[in-house]
Amino acid sequence: MQEFLSRLQRPLQSIVVLTGAGVSAESGIPTFRASDGLWENHSIEDVATPGGFKQDPNLVHEFYNQRREALLSHGIGPNQAHSALARFQSIFEDQYPGNFTLVTQNVDNLHERAGSLNVLHMHGELLKSRCYQTGSIFNQQKPLNVDSVCRCCRSLGNLRPHIVWFGELPLEIPKIENSLTTCDLFIAIGTSGLVYPAAGFYEQAKKCGAHTVEINLATTTSNFDTQLSGYASDLVPRFFSQLASFLGLAT
Ligand code: APR
């Protein structure tokens, strides 16, 4: 684990962390591509594409209503990986003259619940809805259905989950691209690296001279400079505690 520190070649000005479903797996939220995964019993086309929503909005609303309800249920909360990231961000931003960017593909709010600020949710947020007509975004804790009345246009059927479906453009890309161009250390946690553009971020960071690190239960085929294999709840706290010591941060 400590070996990666000796491979950091320049002073760290900017750190980018990309998280995927694996960071929330130990909180009880199934990953996408595991056998017990989120898509079970549904094809991606049916529940995660604009065409699927057009064809059967009730099914799609029900699918996301269930995910929302599960996220809000007792017993679901941030795990030690989310907490370690939030703690690191806080001390880094307080004590170090650099930038820290947290990008997540996850639509849950567990980073925020652990205390992370300014999380870039590139695939949207489960606890938000959006008006098809105006693009306005609303907090959404209650179930949505085709009879839900939009708060901006007062129309029925205009509200959809604030989720980036397959075939749609991810959110926050200009901010993410900007942080990748100045990045010295890029860390991908719990993502299979199968869905673009997120899957290409480590290469973009590498091209700009960043050291790239992967933390994953099973190392992926991507060509990271450092690959750490194990549970996020174990590795993330250890990794960021060592990074904090390396940077001379008081914890
Ligand atoms: N600790 C670390 N890594 C883990 C853990 C864990 N406890 N559990 C699972 N993983 C790893 C798996 O090995 C896998 O590589 O997390 C990864 C999860 O991969 P996916 O299920 O493909 O999730 P993700 O990469 O976030 O998916 C990207 O695809 O379906 C779309 O929009 C959806 O945001 C999602 C995107």
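**A buried arginine**

Author: The side chain of R160 is in polar contact with the side chain of E168, at 2.8 Å. Keep in mind that this is a predicted model.

Reader: Ok. Which strand is R160 in?

Author: R160 belongs to strand β6, residues 159-163.

Reader: And is R160 buried or exposed?

Author: R160 has a relative accessible area of 1%, and the limit for buried is under 20%, so R160 counts as buried.

Reader: What does R160 touch, not counting residues up to four places away in sequence?

Author: R160 touches F53, H61, S129, R130, Y132, L144, W165 and E168.

Reader: Switching topic. What order do the strands of the open sheet come in?

Author: The order is β3-β2-β1-β7-β8-β9, six strands with parallel pairing. β3 (120-121) and β9 (226-229) are at the edges with a single partner strand each, so one side of each has no neighbour in the sheet.

Reader: How many bridges join β8 to β9?

Author: Four bridges join them, and the two strands run parallel. E214 stands opposite Q227 in β9.

Reader: Which strands do the helices α8 and α10 lie across?

Author: Helix α8 (residues 173-181) lies across β1, β2, β3 and β7, at about 130° to β1. Helix α10 lies across β1, β2, β7, β8 and β9, and runs at about 165° to β7.

Reader: Next, the largest nonpolar core. How many residues does it have?

Author: It has 32 residues, and those with the most contacts inside it are I15, F88, I187, I189, F240 and L243. Elements giving two or more residues to this core include β1 (14-19), α6 (80-95) and α10 (232-246). Of these contributions, that of α10 is the most, with seven residues.

Reader: What is L243 in contact with, leaving aside neighbours within four places in sequence?

Author: L243 is in contact with F4, L5, L8, L12, I15, F88 and L185.

Key. Residues numbered from 1 in each chain as written. Predicted model: local features only at pLDDT ≥ 70, side-chain atom pairs only at ≥ 80, totals over all residues. Heavy atoms only, no water. Core = buried A, V, L, I, M, F, W, Y, C linked by side-chain atoms within 4.5 Å. Buried < 20%, exposed > 50% of the residue type's maximum accessible area, 1.4 Å probe, protein only. Contact = heavy atoms within 4.5 Å. Pairing = 2+ DSSP bridges. Axes fitted to C-alpha atoms, helices over the stretch in contact; angles between N-to-C directions. Polar contact = N/O pair within 3.5 Å; in protein donor to acceptor, adjacent residues only side chain to side chain.
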